[in-house]
Amino acid sequence: MGACLSPSDDESECSGEASYSPLFFHPSIKGSQVFMDESCCRVSRRDTFHDGIVFSNRPVKLYEKVTLKILQDDQKWQGGLRVGFTWKDPCLRTGNLPPFVCPNLVTQGKTCACVLPDEYIEEDTIISFWVDSWGCVFCSTNLEAEGSFLFSGVSVESPLWAVVDVYGRTKEVELLDPTCLEFQEKAEENTTEDCMVCFASPASTMMFPCYHSGFCSRCSLKIFRTSARCPLCREKVKKILWISLLAENKGLHSWLGKSECVPSLR
């Protein structure tokens with residue numbers, strides 16, 4: 001997550017540049033049954049069991065983890081979440097997306113994907129998947145460091161976009177930041193205060209690289225998508241850190257790999 005990229009900024013998304021920018025779902029290239037929230041991080045399927053394809057808003061790096069949490073499991077359907085990578089820019093696709101990533105999108109070429117095992121698609125499961133430098137895709141659950149092999153054949157010579165099919169039993173998923181999740185796991189407890197922007201939701205995020213904190217997730221995303229400048233110092237925001245205040249205060253130096261003192265966060 002880095003330089004500013006608004007989920008609605010189609011020109012910058014389609015350029016394939018700034019692979020260090022925040023990872024969202026692409027706001028406009030999606031299946032006909034997909035409903036996406038304003039953060040472009042949460043998607044659900046309105047009806048049926050198909051037409052739930054979504055893409056990342058930008059190319060992902062090799063070994064970069066795409067992390068999803070399954071929010072809703074609809075037991076009336078069979079099968080579940082399908083994940084993979086495509087080396088065809090989603091912005092270059094014309095017409096309606098096919099109903100399934102497997103086999104429809106795969107057989108069109110320049111896409112590799114697979115259905116996740118049933119034990120991976122339970123509600124509240126956190127799933128991470130990534131591709132290595134040999135084009136092999138791996139998957140882990142609940143932030144485990146080691147991954148299981150899923151499939152191979154991904155072309156690593158071109159930019160790669162993550163593709164997710166909210167299919168079958170999987171009704172709703174949320175795109176998470178795995179780095180901040182791992183950091184949050186180290187916190188011993190979670191103390192909160194109100195967001196200094198809306199004064200209604202708990203403060204849970206920090207602006208990077210200025211380290212100013214005290215904003216809820218909704219206000220942080222709104223700031224990032226509009227001015228992309230910290231409300232306190234006006235520095236350009238390159239990243240939003242989703243952290244608890246305790247983790248921020250006790251573990252910030254080691255997490256950032258810094259031994260020197262960090263200026264006041266306020």
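Colleague: Leaving aside its neighbours within four places in sequence, which residues is E122 in contact with?

Modeller: Bear in mind that this is a predicted model. E122 is found in the loop between strand 7 (111-115) and strand 8. With its neighbours within four places in sequence left out, E122 is in contact with I70, D73 and R169.

Colleague: What separates the C-alpha atoms of E122 and I70?

Modeller: I70 is one of the residues that E122 is in contact with. Along the chain the two are 52 residues apart. Their C-alpha atoms, though, are separated by 7.1 Å.

Colleague: Is E122 buried or exposed, or does it count as something in between?

Modeller: Buried means under 20% relative accessible area, and exposed means over 50%. E122 has 38% relative accessibility, so it counts as partly exposed.

Colleague: And W134, where is that, and why does it count as exposed?

Modeller: W134 has its place in the loop between strand 8 (126-131) and strand 9 (137-141). The cut-off for exposed is over 50% relative accessible area. W134 counts as exposed because its relative accessibility is 68%.

Colleague: Which residues form a nonpolar patch on the surface with W134?

Modeller: Together, the residues of this patch have about 380 Å² of accessible area. W134 forms the patch with L62 and Y63.

Colleague: Which strands do the buried residues of helix 4 pack against?

Modeller: Start with the buried residues of helix 4, which are C219, S220, L221, I223 and F224. They pack against strand 13 (205-208), strand 14 (213-215) and strand 15 (239-242).

Colleague: Zooming out, what percentage of contacts between residues at least 6 apart in sequence join residues at least 24 apart?

Modeller: The chain has 5 helices and 15 strands, and buried residues make up 51% of its 266 residues. Take the contacts between residues at least 6 apart in sequence. The share of these that join residues at least 24 apart is 64%.

How values were computed: Residues numbered from 1 in each chain as written. Predicted model: local features only at pLDDT ≥ 70, side-chain atom pairs only at ≥ 80, totals over all residues. Heavy atoms only, no water. Patch = residues over 30% accessible without salt bridge, like charges linked within 9 Å, V, L, I, M, F, W, Y side chains within 5 Å. Areas by Shrake-Rupley, 256 points an atom, 1.4 Å probe, with all protein chains shown as cover. Salt bridge = Lys/Arg side-chain N within 4 Å of Asp/Glu carboxyl O. Helix = DSSP H or I, 4+ residues; strand = E, 2+ residues; numbered from the N terminus. Buried < 20%, exposed > 50% of the residue type's maximum accessible area, 1.4 Å probe, protein only. Contact = heavy atoms within 4.5 Å.
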